[in-house]
Amino acid sequence: MPKILVVDDDLAVLATISLGLRRAGYHVFQVDSGLPAIQICRREKPDLAILDMNLPDITGLQVAQTIKSETSTPFIFLSAHSDEGLVKAAVEVGALGYLVKPVEVARIVPAIEVALKRADEIVQLRLGNANLGDESMLNRETDMAIGLIMERHQLDRAAAFDVLRANARGHPGGIAGLAQRLIEGEKITLTLD
Amino acid sequence: MNAFDKSAIVARELGIDSNEIANRKHFLEFGDLDAELLKGLQSQQQDYEEVIAAAFFNHLLEFPQIRDLVPDAETLERLKSTLSTYFRSLTAGEYGDEYILTRLHVGVVHKRVGLDPKWYLGAYRKYLSHFLFELWKLYGDDHEKFLKTYDALLKVVLFDIGLAIDTYHHADKQEVLQFEKRLQSLLDGIDAIVWEADLDMHFTFVSHQAQDMLGYPLARWTQEPEFLRDIILPDDRAPVISSLFVEMADGRGHDMDYRVRTADGRIVWIHGRVSTVRDKEGRLTGLRGLMVDITALKDAQKKLVHLASYDELTGLPNRSLLQDRLRQAMVQADRSGDMVAILLLDLDRFKNINDSLGHDVGDVVLQTAAGRLIGILRDIDTMARFGGDEFMIMLTDIARLEDITPIARNAIECLALPFTVGEHELFLTASIGISVYPRDGKDVQTLLKDADAAMYRAKESGKNRFEFFTAEMNSAAVHRLQFENQMRQALARQEFVLHYQPQADIDSGKIVGVEALVRWQHPEHGMVPPVEFIPLAEETGLIVPLGEWILEAACRQAVAWQAAGLPELRMAVNVSVRQFAEHNLTQVVERILRETGLAPSLLKLELTESLFMQETEGMIDMVLGLRKLGVRLSVDDFGTGYSSLSYLRRFPVTSVKIDQSFVRSITTDPASATLVRSIIGMAHEMNLRVIAEGVETEGHLGFLASHRCDEIQGYWLSHPLPPDECAAFIQRFAGLPALGESEKPLERLLLLVDDEVNITTSLKRLLRPDGYRILTASSGQEGLELLATNPVGVIISDQRMPAMTGVEFFRRVKDIYPDTVRIVLSGYTELKSVTDAINEGAIYKFLTKPWDDEQLRDHVREAFQRYELKQENVRLGRELERANAELSEINRDLEMRVAEKTEQIRHNVSILQVSQEILEHLPAAVIGIDDDGLVVIANRQADLLLVPGGDGLLLGANAAECLPPALATFAAEASDETRILMLEDGRRASAICHRMGDLCKASGTIMVLNLIDT
């Protein structure tokens, strides 16, 4: 049972996300501020942390920096805005994904599964296990870009990936190139068909 | 499928087509000449075949295996005939497709009945031998013909035998094929990988499930030498491989569970079953086995283990797991000499959150609280949920008791931060009981019991704190348990009694109500006050039946007093949050009112302030339901909770009760005074009555009266009394002392405060001629006491007094009695402190000693004028307010009555509409005629029957004109008889006519007509 830590200062949000995750079979820890979240990462070593950007004591980014340097817990962000600056900051600090509130449980579970898989791949990489399958799926930026497209166009994960792939045809740098530009906040009009 | 179809399939499967037939014939050199010769044989018209068949069967029946196949004579005859027909066809000369199929069919049948080829060959031997003799007889002289015919016979028989052997062979092959197919489908049907390997564990065979289950192509299994080793997870690799070879070396099969990684990266649990393969000599030649995916089973097992040891809601260890860990920690501590601490943490009043906001909110608060607590623990500490709102924290490696304190404090502090749920903030506190191993107990049960006792002590001492266990708590805990049990029995044993505390109306000075207060007449401990058992009753749920008993007993008492001739009293009864949570409170109250006969308006339910903060749908409905019954609703302990009246706007409460903690200090604590004043003001603005409890001195009463509080309750009036004493008190009560300023409108009351008696004396002498009533006090404290009971207008105080300076005194007075006019008289100038006080408005004038007599008198006179002007304004304001309040009370009553009336009318209208519809569709004509002879009722039948052509309406017409004369006359008589009348068109109708007014106030006549079929 993968362990997931959910951090949000609003218990209403915590309840929605953690209930969905518990039903999906995860072992969930939840807390509403940043400092205890760090200690939970140290003690409980969750497989993934979902961090709200705005917390009452320290920011989600600060939590992320600390757990990145002190633990091996991978994390994704949760925010009320799909603000470019925040997305960029999230990528820089090493987030595996970015979810925009309000979150729907039906959409969050696949996103979390992807992040967990990614986290596992990173562990495998670190262990020197080269048997990793699809290289393109290893790209964190691609994943973030898919998250953005999901949010922006109200699509599920597979549809968002299709949009990214379709739009990347003939694009310099392919999917990864387009993804990079998208998360850097460039205004790119995507064609949806 | 008929026999030929089947033969055709066999022919097709054997590849016997016309080409093949030609081939075979060619190979046997079986040509047209042969056919001719055979046909010629047939033309001899000899019954060779019958003879051969008979001889053959005679021969056959000598063999027991064959005898079994021939049950009776009839079958024998049939078989003989079949065989002779068969033999005859050999010489028929036609050897085309049909012939072939017939031959094949014979083979199929023989195979089916189990006739071996040897019997078949035997028959041919008989046939050929017989014909040898017959042909010799027939063509013996023509050697050439004899030899050629016999040659042709040999060819056709061998052609036939060839086909027969093919059929047998084909049938055997089919059997093998089918067997193989069954084996394959069996293999396919196994939900596991089936494999074989050589002694080096190189796979020689794997079933295709290997690809389906793990995703690796089958070729990799058989081609890569270390394939199994590679896919097994590193942790499991060594044991699996070594046991494989060890068991193999010992020649044993074995079972094992291990994990493999699938091609897409998943981890799958495998149950492997391995057995050895040996050759005929018993030498080991390889291995074979099964691999079953048991991931789901492993997950389920893991989940079961988890469920048994972890709390489902929070994911924390549960009680039993923590106890295990505690045992381990105790062993560890024995070794290291350290201590183990257990902290039993109980969330205070958590029940309220569940009761009021629902379990969903309760659950998320618990889960988040768990998260916060984990967040303050050290890595070595363990936390568990003990169920409900209890958590247990175990601290190990504790060297000094002082090391426990910061963690307990952190736990309380981390929970004290607000919990945000959407727009709302919830506040939690916790009480913690701590016991320490080995200091407080040597075993788990004792330590838990000690922590529990310490936690209860923390609760008793005001909650939101931690307590270490002490030996003395042990007896307290035992006592508490006994007490709880006794309380459960007390209700049945009727040990609870009610006392009543009178409530007086300040305006009228009369007793207008009582509050019912429960007491426990304990058989051993005597009268137990409610503070000692109500919280426990709340906690255990006993408050629900107890509350119901109180309500019923109080209502009966109220009715009894009424019957005994006591003045009308309102009975106030406390209702607990827990009773509200039962959802049937409205029905309970309704039933009790009905059964006791108490007027609803004489029952006042006192609800605690916290209840109103919850605002759940059910709660609002229930309050509305209670109010609809007509009972009064009061907010108890007002000011202790949110201290906000705004939420009350949503509830139809009728009064608020100011908590006694404020009332007790209104004359000494400016904050309390201000609060009480503003509560009264706001409540009046919302047209709520205000009652103050805890009134203990005349000073309290004076303050409350001067601020227009409506009612008082407290020791000053009376302690709670047993029913008889209370009745006696009420009958004796002469009224509150007159306090209203209106009764002494002209008295000017002056207060002089100075610690030097000669000053007060000389001031008194100076000012007495001006007609003031003068009070003197020697300190600020004394001054405050006098102010509480006297409507003082002007105060002159010395600045320099030992306990409280004049300015300090005035600052308090200003807050408590802002209307008073305050003058400072000082021996020397302490300008700084005095100016501040003047700027704050605490001081009206500052005069220096020695004073100018005339100037002082002027100042005092002026001060009184100022005071009286203010008073007049206040009085006018209050009168206005009172008038408004009365008006709105009247309005409210009116609104309620209008609402009731409207409801009644709506009900009547709907009854009327129903009646109208019934009338309209009645299968009889109904006509109503008023006293003026106008038709006022006419249903559809009436119009159809009486209006010619069916158009037009009777309604509104003059009966004499629109009705046939016979009917009109009959109607005028209204004799209540049934009569048969002739209508104008010749139809007859039975009619009855009735004059209205038997059951209702209506007048006029009603006539009912029914056509009679002729």
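Tutor: Begin with strand pairing: two strands pair if DSSP finds at least two bridges between them. Keep in mind that this is a predicted model.

Student: How many bridges join strand 1 to strand 2 of chain B?

Tutor: Strand 1 (residues 193-197) and strand 2 of chain B are joined by 3 bridges, and the two run antiparallel. One residue pair to look up is W195(B), whose bridge partner in strand 2 is V206(B).

Student: What holds paired strands together in general?

Tutor: Strands of a sheet pair through backbone hydrogen bonds, and the pairing is either parallel or antiparallel.

Student: In what order do the strands of the open sheet lie?

Tutor: This open sheet in chain B has 5 strands in the order 2-1-5-4-3, and the pairing is antiparallel. Strand 2 (203-206) and strand 3 (254-261) of chain B are at the edges; each has a single partner strand, so one side of each has no neighbour in the sheet. From one strand to the next, the twist averages 25°.

Student: How many helices and strands does chain B have?

Tutor: Chain B has 38 helices and 31 strands. Of its 1014 residues, 32% count as buried. Among contacts in chain B with a separation of 6 or more, 59% are between residues 24 or more positions apart.

Student: Which residues touch the most other members of the largest nonpolar core?

Tutor: That core has 113 residues, and those touching the most other members are L373(B), I393(B), A411(B), I432(B) and I434(B). Helix 17 (residues 359-376) of chain B gives the core its largest share, 9 residues. A second, separate core has 105 residues, including I795(B), V807(B), L825(B) and V834(B).

Student: What is I393(B) in contact with, beyond its neighbours within four places in sequence?

Tutor: The contacts of I393(B) are L343(B), L345(B), L373(B), L377(B), D381(B), M383(B) and A411(B).

Student: Now a loop residue. Is V653(B) buried or exposed?

Tutor: The test is a count: a residue is buried if 20 or more other C-beta atoms lie within 10 Å of its own. V653(B) has 22 such neighbours, so V653(B) counts as buried. Its place is the loop between strand 18 (632-638) and strand 19 (655-658) of chain B.

Student: Which residues does V653(B) touch, not counting those up to four places away in sequence?

Tutor: V653(B) touches L633(B), S634(B), V635(B), L648(B) and L688(B). As for R627(B), V653(B) is 26 residues away in sequence, with 7.8 Å from C-alpha to C-alpha.

Methods:
Residues numbered from 1 in each chain as written. Chains lettered and ligands numbered in written order. Predicted model: local features only at pLDDT ≥ 70, side-chain atom pairs only at ≥ 80, totals over all residues. Helix = DSSP H or I, 4+ residues; strand = E, 2+ residues; numbered from the N terminus. Buried ≥ 20, exposed ≤ 12 C-beta atoms within 10 Å, placed from the backbone. Contact = placed C-beta atoms within 7 Å. Core = buried A, V, L, I, M, F, W, Y, C linked by C-beta atoms within 7 Å. Axes fitted to C-alpha atoms, helices over the stretch in contact; angles between N-to-C directions.
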